[in-house]
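Here's a quick tour of the fold, starting with the sheet and ending at a pocket. Have the model open as you read.

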Amino acid sequence: MNTLLAATAHRTPLTTDAQIEDRVLALIGTAGHRQLWMMFLDHDDDQLPVVIPLDDLPRVPDRAQTDVLVGHLAGVLHQVAAVQIVLVWERPGKGKLTELDQAWARAIAENCSRRGVRLRAQLLSHTRGVTILDPADYALTPTGASSAGGTEC
């Protein structure tokens with residue numbers, strides 16, 4: 001895995017999906033085991049020096065669990081003066097989304113939308129690399145709007 005200094009990361013805004021993919025690959029890399037990573041961006045799309053892993057999520061999401069998780073995310077956003085989040089779903093295996101990947105991404109995106117939390121991007125870290133998810137991949141919107149510029153959640 002590549003090493004990226006926090007000072008360098010903070011001075012390099014993440015304005016495109018490709019930049020976000022590259023940053024996630026540099027920081028998190030390819031999948032080792034199942035967990036969720038949370039990254040935070042400020043008003044200028046700079047990554048803040050806070051990256052939080054969470055590895056005790058249940059296999060299948062439910063509304064109560066996603067309510068609690070997104071509530072905590074909203075609290076962290078406020079505490080670190082961030083305005084948007086990037087979520088990385090790490091799990092070994094191929095880069096194709098599974099039904100469980102889609103269920104989690106959809107549940108979190110819908111909950112963010114209800115709470116007014118801005119979700120900039122969701123990505124999948126898999127055994128072969130990192131892939132940014134298009135909201136159409138997890139049916140966030142019926143039109144399949146692009147994730148470029150973020151998904152207001």
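In this predicted model, β3 and β4 (residues 119-126) run parallel to each other, paired over six bridges. Look across from E90 and you'll find S125 of β4 standing opposite.

Zoom out, and that pair belongs to an open sheet of five strands, ordered β2-β1-β3-β4-β5, with mixed pairing. β2 (47-54) and β5 (129-132) sit at the edges; each has a single partner strand, so one side of each is left without a neighbour in the sheet. Going from one strand to the next, the twist averages 20°.

What packs on the sheet? Helix α3 (residues 63-79) does, touching β1, β2 and β3. The direction of α3 makes about 30° with that of β1.

Now for the largest pocket. Its volume is about 200 Å³, and 15 residues line it. If you want to find its centre, R34, R91, L100, D101 and W104 are the lining residues that lie nearest.

| Element | Residue range |
|---|---|
| β1 | residues 35-41 |
| β3 | residues 84-90 |
| α4 | residues 99-115 |

Which of them gives the most to the lining of the largest pocket? That's α4, with three residues.

How values were computed: Residues are numbered from 1 along each chain as its sequence is written. This is a predicted model: local features need pLDDT of at least 70, side-chain atom pairs count only at pLDDT 80 or more; totals for chains, interfaces and linings use all residues. Side-chain values use heavy atoms; hydrogens and water are left out. On a 1 Å grid over the protein atoms alone, a cavity is a set of points where a 1.4 Å probe fits but cannot get out, and a pocket is an open set with protein on both sides within 12 Å along at least five of seven lines; lining residues have an atom within 4 Å of a point. Grid points are joined across faces, edges and corners, and a volume is the space filled by probe spheres set on the points. Helices (H or I, at least four residues) and strands (E, at least two) are DSSP runs, numbered from the N terminus. Two strands pair if DSSP finds at least two bridges between them. Axes are lines fitted to C-alpha atoms, for helices over the stretch in contact, and angles run from 0 to 180 degrees between N-to-C directions. Contact means heavy atoms within 4.5 Å.
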